[in-house]
Amino acid sequence: MLRSAVGILLVPLLLWAQPNDEEKEWMVFRWSSFVEAPSLGVSGSVAQLQREEMGLRFRGPAVALRLGSAELRMLRSAPLEQYEHSYGFLAVAPSLHRADTLQLRWWRFGVGRQQGYGYRLGSRGAFLLLSGGGVHWSHSTRVEGADVEALQPFEQKLRFGSVREGMVLVQLTPVLGIGLGFERAVIFPAHLVWKHLGSTLIEVVGAEVIVGGFVRRILKARVPQAAPVVNFLLRSGFAMGWTELLRKRMNWPFDSPPPAVLDQLQFSVQLLF
């Protein structure tokens, strides 16, 4: 019975990970430098940390390093670009502080994936509207100030969580791109495996089956040029709405404690080799 439950929960995730044969027929590779190109990204951000009933919010700068590979394809059916980026990252918020002088240092590492569509800019550039997410592990240290009960489950412990993001990326050349985006990291005070899998299953059905299916229909409709904007708005809106549901219950809709939520407004520079 246990194996059956695991199988049922993992089927949508496995289907999501499989390539879409129909989509492949619409696309051809373009810009050989982008095909499975190694990528290096650096970002700086303004971060804000909060948790239900914590009171004052923590704010401070943060930086992140991303290493991965990117792929840009041109759709056959429309003058559009499709972009996919898989990466690992290391991030630190060295000085999250609040008005009562309490100060935290928060390290994170994990893996993620961005995807989206965009428009060609001349012969060498692209304007891309991206969304994505991933998983991460974090570790926090109280640098200064008194203990805060709401943060005790996170201090000096390695905690698991999830990440959602949206980004506008302007690819200036086949090598250099600059982006502005928003990232929300949800950090669990404990990992409740079955509730987490159940919550993730519901999210995948909404984001990939419903939203993804709707966008694929637009790509085959009369105005496929609308797909980048619709995909970005629906996916980003769904992700932000979903994480709002997680603020009070980290494995919504199942009974679970509130997570810590780290919001970041990011400016990034990305190099593709």
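Predicted model: local features only at pLDDT ≥ 70, side-chain atom pairs only at ≥ 80, totals over all residues.
User: Which side chain does Arg-247 meet in a salt bridge?

Analyst: Arg-247 meets the side chain of Asp-263, with 3.7 Å from N to O. Asp-263 belongs to strand E9 (residues 260–272), while Arg-247 sits in the loop between helix H4 (227–246) and E9, so the pair ties together parts that are 16 residues apart in sequence. Asp-263 counts as buried too, at 8% relative accessibility.

User: And how many salt bridges turn up in the whole structure?

Analyst: A search of the whole structure finds 12 of them. As background, side chains of opposite charge can pair when their charged atoms come close.

User: What about Glu-203, which residue does it form a salt bridge with?

Analyst: Glu-203 pairs with Arg-164, and the closest N and O atoms are 2.7 Å apart. That pair links distant parts of the chain, with Glu-203 in helix H3 (residues 193–219) and Arg-164 in strand E7 (residues 158–171), 39 residues apart. Glu-203 is buried at a relative accessible area of 15%, and Arg-164 counts as buried at 6%.

User: Okay, and Glu-84, what is its partner?

Analyst: The partner of Glu-84 is Arg-113, with the closest N and O atoms 3.8 Å apart.

User: How is Glu-84 classed, buried or partly exposed? And Arg-113?

Analyst: Glu-84 is partly exposed, with a relative accessible area of 27%, and Arg-113 is also partly exposed, at 33%.

User: Which residues are linked in a network of salt bridges?

Analyst: Such a network links Arg-66, Arg-108, Glu-165 and Glu-183.

User: Switching topic, what makes up the nonpolar surface patch?

Analyst: The patch covers about 650 Å² and is made by Leu-172, Val-175, Leu-176, Ile-178, Leu-180, Leu-265, Phe-267 and Val-269. Two elements, strand E8 (176–187) and E9, are the ones that give two or more residues to this nonpolar patch.

User: Where does Leu-265 lie, and is it buried or exposed?

Analyst: Leu-265 lies in strand E9 and counts as exposed, with a relative accessibility of 51%.

Conventions:
Residues numbered from 1 in each chain as written. Heavy atoms only, no water. Salt bridge = Lys/Arg side-chain N within 4 Å of Asp/Glu carboxyl O. Buried < 20%, exposed > 50% of the residue type's maximum accessible area, 1.4 Å probe, protein only. Helix = DSSP H or I, 4+ residues; strand = E, 2+ residues; numbered from the N terminus. Patch = residues over 30% accessible without salt bridge, like charges linked within 9 Å, V, L, I, M, F, W, Y side chains within 5 Å. Areas by Shrake-Rupley, 256 points an atom, 1.4 Å probe, with all protein chains shown as cover.
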